[in-house]
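Here is a short report on one protein chain. Look over the sequence and the model before reading on.

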Amino acid sequence: MLWLKALHLIFMVTWFAGLFYLPRIYVYLTEATDEAVRATLRTMAQRLYRITLVGMVLTWVFGIALLVWNPGYLSMGWLHVKLLLVVALSGYLGWLKVHLRRFTAGTNTGTSRFWRIANEVPAVVLLLVVPLAVLRPF
């Protein structure tokens, strides 16, 4: 069980690293005027997205494995809230992918301010998920 927890946390950190940095790349993409810089940033964003996706999928895999190992958690309210937030965060990554396609197609309409605000979403979710998982308040 401890190995499952460790792997779950390792891939969660990988997932969040990408979630913290991908919108930041979008800020730079929005502000960049040189096409060579924009091309480099798009490549960076595409590669980071793939790594982030792997982190998300493996976080889910090891999280589900933990639930199979201890199905009693499924009756706890804190886990329901945590899972709701994790589903929302998974959707957020999908939303970032939609915008990556828009950047690639040259149809992005978000401002750098918009992406700076969007960059805070994972931090807010992290501030909610970690106390739920550690403190198990209800």
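**Overall build**

This is a predicted model. The protein chain has five helices and zero strands. Along the sequence the pattern reads α-α-α-α-α. The C-alpha atoms fill a box of roughly 55 × 25 × 20 Å along the principal axes. Of the 138 residues in the protein chain, 38% are buried. Among contacts with a separation of 6 or more, 79% join residues 24 or more positions apart. The exposed surface comes to about 7,900 Å². Carbon and sulfur atoms supply 72% of that area.

Charge is next. The protein chain carries 13 positive and 4 negative side chains. The centres of these two sets lie 14 Å apart.

**Salt bridges**

The structure holds three salt bridges.

| Pair | N to O distance |
|---|---|
| Arg116 and Glu31 | 3.1 Å |
| Glu35 and Arg38 | 3.8 Å |
| Arg42 and Glu35 | 2.6 Å |

Take the salt bridge between Arg116 and Glu31, with closest N and O atoms 3.1 Å apart. This pair links distant parts of the chain, 85 residues apart. Arg116 sits in helix α4 (residues 112-118), and Glu31 in helix α1 (residues 2-31). Both ends are partly exposed: Arg116 has a relative accessible area of 35%, and Glu31 has 41%.

Glu35, Arg38 and Arg42 form a network of salt bridges. Glu35 bonds to Arg38 in one of them and to Arg42 in another. What separates Glu35 from Arg38 within helix α2? They are three residues apart, so about one helical turn lies between them. Glu35 is partly exposed at 45% relative accessibility. Arg38 falls under the 20% cut-off, so its 18% counts as buried. Arg42 is buried too, with a relative accessible area of 16%.

**A nonpolar patch**

Which residues make the nonpolar surface patch of about 260 Å²? Tyr21, Tyr28 and Met44 do. Met44 belongs to helix α2 (residues 35-69). Its relative accessible area is 34%, so Met44 counts as partly exposed.

**A positive phi**

Most residues other than glycine have a negative phi. Arg136 has a positive value, with phi near 45°. Arg136 lies in the segment after α5 (121-135). With a relative accessible area of 36%, Arg136 is partly exposed.

Technical notes. Residues are numbered from 1 along each chain as its sequence is written. This is a predicted model: local features need pLDDT of at least 70, side-chain atom pairs count only at pLDDT 80 or more; totals for chains, interfaces and linings use all residues. Side-chain values use heavy atoms; hydrogens and water are left out. Helices (H or I, at least four residues) and strands (E, at least two) are DSSP runs, numbered from the N terminus. Buried means under 20% relative accessible area, exposed over 50%, partly exposed in between (1.4 Å probe, protein chains only). Contact means heavy atoms within 4.5 Å. Accessible areas come from the Shrake-Rupley method with a 1.4 Å probe; for residues, only the protein chains shown count as cover. Lys and Arg count as positive and Asp and Glu as negative; His and the chain ends are not counted. The place of a charge is taken as NZ of Lys, CZ of Arg, CG of Asp or CD of Glu. Patches are made of residues with over 30% relative accessible area and no salt bridge: like charges are joined within 9 Å, nonpolar side chains (Val, Leu, Ile, Met, Phe, Trp, Tyr) within 5 Å. A salt bridge is a side-chain nitrogen of Lys or Arg within 4 Å of a carboxyl oxygen of Asp or Glu.
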